[in-house]
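The following exercises concern a single protein structure, shown below. Each consists of a task and a solution worked out in steps.

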Amino acid sequence: MAGAAHAQEDPSDPATQVSDIIVTGSRVARPDYVANSPIVSVSTEDIEDTGQVSVERALTQLPQFTGAFGQASTGSSTTTLNAGQANASLRGLGPKRTLILLDGRRMQPSSPDGSIDLNTLPEALIGNVEVITGGASTAYGSDATAGVVNFRLRNIEGLTISSQYGVSEYNDGEQFRATVTAGQRFAEGRGRAMMSVDYSMREPAFQSDRPFNITRTLQNGTATLDSGAMLFPGNAPSAAVVNNLFRNIYGANPITGSATYTGQLGFNLDGTLFSHVTPVGNYFVENFRDPETDTQYIAGSRKQLNFGWPNSQVVNTNERITVFSKLDYDVTDNTSVFAQATFTTYDALTYFNPTLASGAAYALSAPVTNPFLSPDARLILASRRDPNADFTFQKAFTAAGDRLQTNTYDVYQIVLGANGVVPYRDWTWDVFASVGQTKTNNIQHGALSKSAVVKLLYDPFGGAGGSRLEYDPVSGAPVGMVAYPVLCAGGANFFGNHPISDSCMDFISRRTSNTNDMKQRVAEVNFQGGLFNLPAGEVRVATGLGYRYNAFQYNSDELYNIPGVGSDILGYSVLRPSGGNTSVSEIYFEALVPLLKDAPMAREVNMNLGYRYSDYSSVGGVSAYKVDVDWSIIDALRLRGGYNRSVRAPSVGELYAPESSGSTGIGSPSAATPFGGDPCDVRSGYRGGFGQSGANAAKVEALCLAMGVPAGVLPTYQFGSNQVFALTGGNPDLQEETTDTYSIGAVIQSPFTTPLLNRISTSIDWYSIEVTGAVGNLPIIQTIENCFNLNGGNPTYDANNYYCQVMGTRNPTTGFLFEPGQPALNLGAFKVSGVDLQIDWSFDLSDIGLPASAGSLSLGTVVSYVDTFEIQNLPGGPSYNYAGSRGTAVEDGAGLAHPDWKANTTLSYTRDWMNISLRWRHTAAMISAEQVRNAASTTRGVDSYDVFDLNGRFTLPNDLSVRVGVSNLFNEEPPQVGNFAGSYDGQNYDTLGRYYSIAVTKSF
């Protein structure tokens, strides 16, 4: 990657050959290109060398970034407002704390949390990308707390046509891109027009085609099956009846040693039953007679069957068109106007496994009168304490097909502005206004109607239609024949892995459509120039006013909001209608003050001061300020550093986001993760399971009872899922979060004059970013751990403890967790600190005695060391340092991986018409985040990861150029994450495998 040290100090760089330059992170124009904060530059070539059609991968591979939402986010049952988008998470602090700019101006957000979708960038015109670490609220306002990513556009003269194609080693994940860019001056050079049209598409790539895929995991997983299963919370069948059926009729082993059977019983196609999620003890799956398949197979423990899904993807599908145009015109010699418009439309498709009717939120109930129940099932149900009561029923509706979400985004932004010269010294002014809108249409396929499924379950003829004699429920007297209409041809037998007719599928299937409309309005006026002279130089200042308005309106499908019912949808989480708006008025002032010049040990010393006052409609008035210093000791050594106080007001989404429930993993009890899953589970380490101390088991059980687990269920209670549907939403009472950034560093240019060594440049920077009052959702896993005192969060095991209250209610019959809360709060604090190192060295081979035509070599490396990544969920609560670990993020989508070392190193050879480069990407090994919170955890970490990319560029006659590349040259597999083989992290590691790309560009 091209870097800060070289980019800032090389006066021969054409990008710096202008009279006044505004560096990212400052509003003051200056005659040099000096940044006081750590800054790194990404070139167009760096972006292209990833071989991908989105800039997202180029940023994720930088050591300063953590993998966020992007092409590896391939599917979910959650109804979200950012599905299919691509975000950047600088320093792992999340997309909403990473301000994305286009030529120094805010872009149109695509999510109510204010984050920018990188898919909306006019990538064909990107000249380079500047990334600055640390708070920059003084210059740009809210959101610039982790730092700023500024995409600078290049000027185009003439016509350029380019096309790119890529495919993986496994002949999937195809990507195609075609761009046309054109630019021309007119009106005797007073005007310039520029336009770009960019089309790209990305096809899916499948996990099953890759060697790291494990279709049938050995560990216990999701236990919701195609065959369906009966559960008996609080009304268990007789163990004697169950054992007699299995031992004497089926010839299988007995499956329970207690008075009642507390596991699950599934349905074979021949009408017999099999045991599933067996009770604690030496009991296993018995009498499973159907063929094992990739969607339904016996787990390695042989205590349950697992649900599997062989269609998992490693990259999502995306098709995009971006149109960008810009017109500049010099009205006079001192005044110019411009107009700029960007429009992006794209479709992102994300797939997920079929609908699962299970758990506290989606499990069904069924009557004993269903006509498709086999005699064996009726025998078991009749042995219960209440033989006529309904029973709990769970099923994977694989016959309904995979779930598919199509997300269509239409995003536009129009910017109008002018700039000119003030008749005082060298002062200039600029003013602009922008309007933008993002329209999202989310269409969900593969959902089921809960009421329709229930209607079939409770219909006396299973939906097939018919008549029967019925009786008065009070007197018992016959009331005559009652006809039941045909609901679907043949009816639906859900008890077993039976095919479902097209007629019945039409009856229960639903397609839902949700929309979101976001608007942004921005206006700014800025002035800057020299104010007066000091002995060390000119004092330069910048000042300005700004206004910003953001609003959104989300409308969900009517099937999620049936009056008196709520949601009728099985398969997707609920996201209720909501909307809101916020606005802010701002004023800022910034000054560049020269302190010393040409003094001993001080060739130049400058101080940069800044202050911004913002008046928000939500939180009121807040202030941001900074003090930066750069000190050039000699030509070869410059020191830089400073302090920034940044402020981020809660976004319109954080304030008013719709209440929703989404699938969230909590794990399950096992030998490797004894404290995973629901603490009330009889197998849990909290209750002494898997070899853990049972000293507090009685207190845990008392807390479980106080929180709603029925007393009759608790002794044998098992939570048959590794996920819960956690409830999140906005909070209009949120306050601003503040960030303090400290940095100190040095830029070193080679002191040598020999040609071999005079082009060495180095930068090294230490940074510390501390966010207090951080806005985020309290993770449900940590809520559970604190409620049940794993980390000392509830030493008295009090059900009124804050964390226990957040966990919410439990199903009064089953005891299952039901929509536990993940509230949006001003949490405790995040702190990230570390060191960035960058070294660039280039020389001509003639410098070592080879012919002048031999070419040149360059070597560049960017290294990031993370010393601290602390998260404190609530003020006064425990703080954990996750540096060097993987598994915990500051928020959903911010990135789970926090390696202590991450580096990119590139070796390039250039000769006349060609350039060959080899890049090495290194990510250090990490421990599991569970080990940070619980030193006794045996959850495995992540191995170190090293990948090499080979790229070649060739300039041919007639303004034709060709680029070829092989990413992941040695087809390195992603490392395993956690204890489950086949688990991987597609956001931070390469899951495509070896990838080939070729691009051809023709200029006219």
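The side chain of Gln413 comes to 3.1 Å from the backbone oxygen of Arg106. The model is a predicted one, and the exercises start from this residue.

**Exercise 1. Determine where Gln413 lies, whether Gln413 is buried or exposed, and which residues are in contact with Gln413.**

Solution. 
- Step 1. Gln413 belongs to strand S23, which covers residues 403-421.
- Step 2. The relative accessible area of Gln413 is 9%. Buried means under 20%, so Gln413 is buried.
- Step 3. With neighbours within four places in sequence left aside, the contacts of Gln413 include Arg106, Met107, Gln108, Gln340, Ala341, Thr342 and Gln520. Ser434, Val435 and Gly436 are also in contact with Gln413.
- Step 4. One of these residues, Gln108, is 305 residues from Gln413 in sequence, while the two C-alpha atoms are 6.3 Å apart in space.

**Exercise 2. State which side chain makes a polar contact with the side chain of Gln405, and decide whether Gln405 is buried or exposed.**

Solution. 
- Step 1. Gln405 is found in strand S23.
- Step 2. Gln405 has a relative accessibility of 2% and therefore counts as buried.
- Step 3. The side chain of Gln405 makes a polar contact of 2.9 Å with the side chain of Asn442.
- Step 4. Beyond its neighbours within four places in sequence, Gln405 is in contact with residues including Ser76, Thr78, Ala348, Leu349, Thr350 and Tyr572.

**Exercise 3. Describe how strand S33 pairs with S32 and with S36.**

Solution. 
- Step 1. Strands of a sheet pair through backbone hydrogen bonds, in a parallel or an antiparallel manner.
- Step 2. Strand S32 (residues 620-634) and strand S33 (residues 637-648) run antiparallel and are joined by nine bridges. Ser632 stands opposite Arg638 in S33.

**Exercise 4. Explain why helix H12 is described as largely enclosed by the rest of the structure.**

Solution. 
- Step 1. Helix H12 spans residues 780-787, and seven of its eight residues are buried, so the helix is largely enclosed by the rest of the structure.
- Step 2. The buried residues are Ile780, Gln782, Thr783, Ile784, Glu785, Asn786 and Cys787.
- Step 3. Their cover includes helices H11 (697-706), H13 (802-806) and H14 (929-933) as well as strands S34 (660-665) and S35 (723-728).
- Step 4. Just after H12, Asn789 takes a positive phi of about 65°.

**Exercise 5. Among the salt bridges of the structure, examine the pair Asp172 and Arg210 and the pair Arg810 and Asp678.**

Solution. 
- Step 1. The structure holds 42 salt bridges. In one of them, the side chains of Asp172 and Arg210 meet at 2.7 Å, N to O.
- Step 2. Asp172 lies in the loop between S8 and strand S9 (175-186), and Arg210 in the loop between strands S11 (205-206) and S12 (229-231), so the pair ties together parts 38 residues apart in sequence. Both residues of the pair, Asp172 and Arg210, are buried.
- Step 3. In the salt bridge of Arg810 with Asp678, the closest N and O atoms are 2.9 Å apart. The pair links distant parts of the chain, 132 residues apart: Arg810 is in the loop between H13 and strand S39 (824-826), and Asp678 in the loop between S34 and H11.
- Step 4. Arg810 counts as buried at 7% relative accessibility, and Asp678 counts as buried at 1%.
- Step 5. Elsewhere, salt bridges with shared partners join Lys96, Arg97, Arg648, Glu654, Glu737 and Glu891 into one network.

Definitions and conventions:
Residues are numbered from 1 along each chain as its sequence is written. This is a predicted model: local features need pLDDT of at least 70, side-chain atom pairs count only at pLDDT 80 or more; totals for chains, interfaces and linings use all residues. Side-chain values use heavy atoms; hydrogens and water are left out. Two strands pair if DSSP finds at least two bridges between them. Helices (H or I, at least four residues) and strands (E, at least two) are DSSP runs, numbered from the N terminus. Buried means under 20% relative accessible area, exposed over 50%, partly exposed in between (1.4 Å probe, protein chains only). Contact means heavy atoms within 4.5 Å. A polar contact is a pair of N or O atoms within 3.5 Å; within protein, one must be able to donate a hydrogen and the other to accept it, and residues adjacent in sequence count only if both atoms are side-chain atoms. A salt bridge is a side-chain nitrogen of Lys or Arg within 4 Å of a carboxyl oxygen of Asp or Glu.
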